[in-house]
Amino acid sequence: MTQTLPPTDPSGTHPQGVVPHSGARPTTTTLAAQARGLTRSYGRGDAQVHALRGVDLDLPAGRFTAVMGPSGSGKSTLMHCLAGLDQPTSGSVRVAGHDLAAMDDDTLTRFRRDHVGFVFQAFNLLPMLTARQNIWLPFELANRRPTREDRERLDLVVQVLGLADRLGHLPSELSGGQQQRVAIARALVTQPEIVFADEPTGNLDSEASAEVLGFLRRSVRELGQTVVMVTHELDAAAHADDVLVIHDGRISARLTEPDQDTLVAALRGGDR
Ligand code: ADP
């Protein structure tokens, strides 16, 4: 369902690394999601807040992208607009080549169910269901009987996430890191075009965080998933392929596998 789109920067001259003031990638690539001229304002008059002030963004498929920025910079708003959970004030969002604005509410709900995966800080597992039942939940909700291909997919996801010996356990019998891995498996089992992870390590200690981030990265590498993660943790961003830095509703830098110094400088850069 993904779509190959023409280059957004005809010069194509940006090297790997920092591409300042733009989230658009320079080369022809398969895009999982794309935003153009995205704005989102809340309220009116003097109380109006401009959460997004014109975001152009290409999110290539098969990569792990972190979105970083100070509190209130617009990270959550951006993610919600990209995921079709919030409506932009202006501009467009395409996910897997589909224009979200062209969908009515029901179509958008179905589209999200079939094409988008979500991982939340709070895991959001159902406590009375086993890990396996939680992972199968998207099929239950879609009233869809898993095919043989779905079962093979489940086996692969479970293997990549190291959950094979945990499937019969209730969430209360699992560690925080294991619960988050179950939540990730649930997000991946339907093979969504894009997975949005909102502070997925926010409730985990550093050891469990590193483990979960490693598994997210494996899901990109080994399952070909596309993951976009909002985080304020430098350690979390270090696991990503690309880091988008957002300041005051605009993308201020796009970094490819940045080292910590580069990342810290880019995060500070918006203060200047
Ligand atoms: P971040 O995720 O980077 O902390 P947000 O996207 O949550 O930032 O918020 C960006 C700005 O938009 C902030 O000033 C925030 O107060 C404002 N904002 C976000 N959601 C709403 C809302 N529903 N109503 C009013 N203001 C909002």
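Modeller: Two residues are in contact if their C-beta atoms, placed from the backbone, lie within 7 Å. Helices (H or I, at least four residues) and strands (E, at least two) are DSSP runs, numbered from the N terminus. This is a predicted model, where local features need pLDDT of at least 70, side-chain atom pairs count only at pLDDT 80 or more, and totals for chains, interfaces and linings use all residues. Residues are numbered from 1 along each chain as its sequence is written.

Colleague: Which residues of H3 and H5 meet by that contact rule?

Modeller: Ala131, Asn134, Ile135, Leu137 and Pro138 of H3 meet Val182, Ala185 and Arg186 of H5.

Colleague: What makes up that contact of H3 with H5 by class?

Modeller: Ala, Val, Leu, Ile, Met, Phe, Trp, Tyr, Cys and Pro count as nonpolar, Asp, Glu, Lys and Arg as charged, and the others, Gly among them, as polar. On that scheme the contact has six nonpolar, one polar and one charged residues.

Colleague: Why are H3 and H5 called roughly parallel?

Modeller: Axes are lines fitted to C-alpha atoms, for helices over the stretch in contact, and angles run from 0 to 180 degrees between N-to-C directions. Those of H3 (residues 131–141) and H5 (residues 176–188) come within 7 Å and cross at roughly 30°. Angles under 35 degrees count as roughly parallel, over 145 as roughly antiparallel, 65 to 115 as roughly perpendicular and the rest as oblique. So H3 and H5 are roughly parallel.

Colleague: And how do H5 and H6 pack?

Modeller: H5 and H6 (residues 206–223) have axes 9 Å apart, at an angle of about 20°. That angle therefore makes H5 roughly parallel to H6 as well. Among the residues in their contact are Ile184 and Leu188 of H5, with Phe215 and Leu216 of H6.

Colleague: What surrounds the ligand?

Modeller: A residue is near a molecule if its C-beta atom, placed from the backbone, lies within 6 Å of it. The ligand's shell includes Tyr42, Gly69, Lys75, Ser76 and Thr77. H1 gives the most, with three residues.

Colleague: Where is confidence lowest and highest?

Modeller: pLDDT is the predictor's confidence in each residue, from 0 to 100. Strand E1 (residues 3–5) is lowest, at a mean of 39, and strand E6 (residues 90–95) highest, at 97. For the protein chain, the mean is 87. Residues 1–27 stay under 50. Where pLDDT is low, the predicted coordinates should not be read in detail.
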